[in-house]
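Dear colleague,

Here is the structure I said I would pass on. My notes on it follow below.

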Amino acid sequence: VVMWFVMMIAMMLPSAAPMILLFAAVDRKRTPRGSSFGATSLFALSYLIVWAAFSIAATWAQWGLEKAALLSPEMGIGSTALTGVLLLLAGVYQLIPLKQACLHQCRSPLDFLTRYWRGGAFGVLEMGLRHGLFCLGCCWALMLLLFVGGVMNLWWIGALTIFVLLEKLAPLGAQGGRLSGVLLIAIGLWNLVRSHG
């Protein structure tokens, strides 16, 4: 669980940085004393709580795959058919409206803060959790691809991190995400055909 959580922090915080920094700037203007360190820390912490929950679920999935003897030493899936299924799942998810709605919230920090701003500690906690859930809704299927390339494969981890950053921050990131969905579906189908060939 700790390994997964540290990995999620390293992979997801960079793409959440614009939201956290904007939250800090807005809160600083709204706070009479001019300091928002506590509120910003609570916002970031509540965001990370969501990814901690995902880490627990990912650990459970890893244990299940290990028990079924489906993981390689690098903790990648050894089954071509299961690899194909995961790639298909991630590819289809890239194209559905729920993914696009969550991605929109991640790509539009000002829109998110305008829509969901809440005052006080509980309000900040709610905003952080909500943003974390949007982020999870955007990226959970991509994070499952860690099992495809290997959970311990640093190149794969780096590639997924860069992809998430580009999808959330680059001007054409949403379109690139949809294109990646088509590519993932094609590779997933190819793996499934190979597994039955």
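Threonine 83 is found in helix H3. The model is a predicted one. At 9% relative accessibility, threonine 83 falls under the 20% cut-off and so counts as buried. Apart from its neighbours within four places in sequence, threonine 83 is in contact with Ile77, Val148 and Asn191.

Asn191 leads on to helix H9, where it is one of the buried residues. H9 covers residues 173-196, 24 residues in total, and reaches 35 Å from its first C-alpha to its last. That is close to the 34 Å expected at 1.5 Å a residue. Also buried in H9 are Gly173, Ala174, Gly177, Ser180, Gly181, Leu184, Ile185, Gly188 and Leu192. An α-helix has 3.6 residues a turn, so residues three or four places apart point the same way. What do the buried residues of H9 pack against? Their partners are helix H3 (80-95), helix H4 (97-107) and helix H8 (154-169).

Next, the largest pocket. About 200 Å³ of space lies in it. H8 and H9 each supply at least two residues of its lining. The lining consists of Leu87, Leu142, Leu145, Trp156, Ala159, Leu160, Phe163, Ser180, Leu183, Leu184 and Ile187. By type, these divide into 10 nonpolar residues, 1 polar and no charged.

Phenylalanine 163, one of the lining residues, is located in helix H8. Its relative accessibility is 23%, so phenylalanine 163 counts as partly exposed. Not counting residues up to four places away in sequence, phenylalanine 163 touches Gln94, Leu142, Gly177 and Ser180. The C-alpha atoms of phenylalanine 163 and alanine 39 are separated by 29 Å, with the two residues 124 apart along the chain.

Is glutamine 62 buried or exposed? It counts as buried, because its relative accessibility is 9%. The side chain of glutamine 62 makes a polar contact with the side chain of tryptophan 4, at 2.7 Å. Leaving out residues up to four places away in sequence, glutamine 62 touches Trp4 along with Met3, Leu71, Met75 and Phe147.

Regards

Technical notes
Residues are numbered from 1 along each chain as its sequence is written. This is a predicted model: local features need pLDDT of at least 70, side-chain atom pairs count only at pLDDT 80 or more; totals for chains, interfaces and linings use all residues. Side-chain values use heavy atoms; hydrogens and water are left out. Helices (H or I, at least four residues) and strands (E, at least two) are DSSP runs, numbered from the N terminus. The expected span of a helix is 1.5 Å times one less than its number of residues. Buried means under 20% relative accessible area, exposed over 50%, partly exposed in between (1.4 Å probe, protein chains only). Contact means heavy atoms within 4.5 Å. On a 1 Å grid over the protein atoms alone, a cavity is a set of points where a 1.4 Å probe fits but cannot get out, and a pocket is an open set with protein on both sides within 12 Å along at least five of seven lines; lining residues have an atom within 4 Å of a point. Grid points are joined across faces, edges and corners, and a volume is the space filled by probe spheres set on the points. Ala, Val, Leu, Ile, Met, Phe, Trp, Tyr, Cys and Pro count as nonpolar, Asp, Glu, Lys and Arg as charged, and the others, Gly among them, as polar. A polar contact is a pair of N or O atoms within 3.5 Å; within protein, one must be able to donate a hydrogen and the other to accept it, and residues adjacent in sequence count only if both atoms are side-chain atoms.
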